[in-house]
Amino acid sequence: MSKRRVLTGIKPTGSPHLGNYVGAIKPPIAASRDANADSYFFLADYHALISCQDPIRVQRSTLEIAATWLALGLDPERVMFYRQSDIPEIPELTWLLTCITSKGQLNRAHAYKAAVDANTAEGVDIDAGISAGLYMYPVLMAADILMFNAHAVPVGRDQVQHIEIARDLGQRFNHVYGSDFFTLPEAQVDETTATLAGLDGRKMSKSYDNTIPLWDEPVTMRRLVMSIVTNSQAPGDAKNPDESHLFSIYQAFATAAETAAMRNAYQDGISWGEVKLALFERIDRELAPARERYRHFMTNPQQVETLLLRGAERARAQSRPLIVRLREAVGLRSVAATAVVATESTRTSDVLQPELKQYRERDGRYYFKLTEKSVGVLAQSIGFANGQDAGATIARIKLGEAAIANDELFLDEVMIARAPAGIASADVSAGLAALVAQEAEARAKKSAQA
Ligand code: TRP
C-alpha cells in the first residue's frame with residue numbers, strides 16, 4: 001500500500017520539441033514503470049490560463065500534450081493520468097492554502113520577482129502587467145502536489161522553490177489545524193538528464209528559436225537536423241566527439257554501443273553530412289512508431305477525452321475524501337453541532353494556566369516560550385538579538401493586542417518558529433488568550449488597589 005507517490009505536472013503550452021522529449025518526457029515515463037512507485041501525471045491547464053488567454057490554444061495544447069504523453073508510452077491504466085481542471089478539489093484546496101500563505105513568501109517567489117525586477121528595470125510600476133494568477137502560481141501548484149500527498153516531485157532546477165513552498169504550506173496547514181493531513185513533498189532534481197543542444201548549439205529552447213519540433217514530418221525534421229551548426233572540418237579529418245553538438249544529441253538517442261561506434265567514426269573522419277544523416281535516422285527510428293500513435297490520437301480526440309475523464313474519476317476517488325476531511329478541519333462544517341463544541345472550549349480555556357518565560361540560550365540570543373502547566377511547552381519564540389526586543393514583544397503579547405495574539409502569521413513568524421510536535425496553532429491561540437485574560441485580571445486587581 002505505502003508505495004512512493006511521484007507526481008508530475010505538465011503545463012499544456014506550445015508544442016513539444018526534442019529537448020522536452022529527452023529532458024522532461026522520456027525519463028518520467030521510464031520511471032513510471034517502476035513497480036515501487038505510484039505515478040501521477042496531470043495536465044496543468046489551470047496553470048496554462050495564467051499565460052494564455054486564447055481558449056482555442058488552451059484546448060489545442062491540452063490535446064497535443066495529452067496525445068504526446070500517451071503516444072510516447074504513458075500507460076493510463078498503470079498511472080494516474082488526469083486533467084487538473086477535472087478535479088474541483090484542487091481549486092478548493094488552493095483557497096484553503098491561500099488563507100494560510102504569507103503574502104511575503106509569494107513576494108519572494110522567483111517568477112513573480114523576476115517580473116517585478118523587469119518592471120523596475122524599465123522604470124514602470126512594479127506590478128505593471130502582472131496578474132494575480134502569476135502571483136498565486138505557487139499556491140495552485142502546492143494544491144496540485146498536496147492533494148495527492150506526493151512524496152516526490154521530479155522537476156527542473158527552476159521549479160525547486162515551488163516545491164519548497166508546497167512543503168512549507170503543507171507543514172503550516174498540518175500545524176495550524178493540528179494533524180498530519182499532508183505528506184511533505186520533496187523535489188527530485190535529476191542532474192544526469194541531458195539538456196539537448198539546439199540548431200545553433202545553444203540549449204534547445206523556444207526562447208532561442210532553435211528547436212526541432214517533436215512531431216514534425218520526417219522531411220521537415222531531416223531538413224532541420226541537416227541545418228545544425230558544425231565547424232568547418234573537412235570530410236576525412238579526425239573530429240573530436242566531445243566538442244560536437246551533433247555527437248551529444250546523437251548520444252541522447254543512441255544506445256551505448258551505437259554511441260561507441262559513432263565515437264570511432266569521428267576518429268576515422270566521418271563527414272558532418274554523414275553524421276547528420278545518421279542522427280536523423282536514429283531519431284526517426286525512435287520516434288516513428290510513436291508518431292503514428294500521436295497522429296492517431298490527434299485524429300481521434302474523443303479517445304483522449306475518454307481516457308482523461310476516466311483518469312479524473314480515479315483521481316477524485318482520492319481527492320474527494322481528503323477535501324471532506326480538510327473542510328471539516330478548517331471549520332467549513334454543518335452548524336448543527338455548534339453548541340456542544342462551544343461549551344467544551346469555554347471549559348478548557350477556563351482551566352488553562354499559561355505562562356510566558358524569557359531566557360537566554362548559549363547562542364547569546366534571547367528567547368521566550370509559552371508554557372501551560374499541564375501541557376508543557378506550547379510554543380517557542382525565534383531568537384532576539386537583545387533582551388529589550390524580546391521583552392517588548394512579550395509586553396505586546398501580554399497586553400493582549402488581540403489583533404496580534406490572534407494573528408496566525410504573527411504566530412508563525414515570532415512564536416511557533418520552533419514549536420514542539422503535536423501542538424496545534426489552536427492550542428497556542430487558546431494559551432495566549434488565557435494568558436491575556438490572566439494579565440488583564442491582574443491589572444484590574446492592581447488598579448482597584450491603587
Ligand atoms: N510549474 C510546472 C512547470 O511549469 C507545472 C506544474 C504545475 C507542476 N503544477 C505542478 C509540476 C505540480 C509539478 C507538480 O513545469
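Tutor: Two strands count as paired if DSSP finds at least two bridges between them. S7 is linked to S8 by a hairpin of 3 residues. The names come from DSSP runs numbered from the N terminus: helices are H or I runs of at least four residues, strands are E runs of at least two.

A quick word on what you're looking at: this is a predicted model, where local features need pLDDT of at least 70, side-chain atom pairs count only at pLDDT 80 or more, and totals for chains, interfaces and linings use all residues. Residues are numbered from 1 along each chain as its sequence is written.

Now for the helices. Two packed helices are described by the angle between their axes and the distance between the axes. The axes are lines fitted to C-alpha atoms, for helices over the stretch in contact, and angles run from 0 to 180 degrees between N-to-C directions.

Take helix H4 (residues 89-98) and helix H13 (residues 301-330): their axes are 10 Å apart, at an angle of about 25°. That makes H4 roughly parallel to H13, a label for angles under 35 degrees, while angles over 145 count as roughly antiparallel, 65 to 115 as roughly perpendicular and the rest as oblique. On the H4 side, Glu89, Glu92, Leu93 and Leu96 meet Ser319, Arg320, Ile323, Leu326 and Val330 of H13. Being in contact means that the C-beta atoms, placed from the backbone, lie within 7 Å. By class, this contact of H4 with H13 has 5 nonpolar, 1 polar and 3 charged residues. Here Ala, Val, Leu, Ile, Met, Phe, Trp, Tyr, Cys and Pro count as nonpolar, Asp, Glu, Lys and Arg as charged, and the others, Gly among them, as polar.

Next come helix H10 (residues 245-253) and helix H11 (residues 256-267), whose axes come within 10 Å and cross at roughly 160°. H10 and H11 are therefore roughly antiparallel to each other. Where they touch, Phe247, Tyr250 and Gln251 of H10 meet Thr259, Met262 and Tyr266 of H11. The contact of H10 with H11 holds 4 nonpolar, 2 polar and no charged residues.

Methods:
Contact = placed C-beta atoms within 7 Å.
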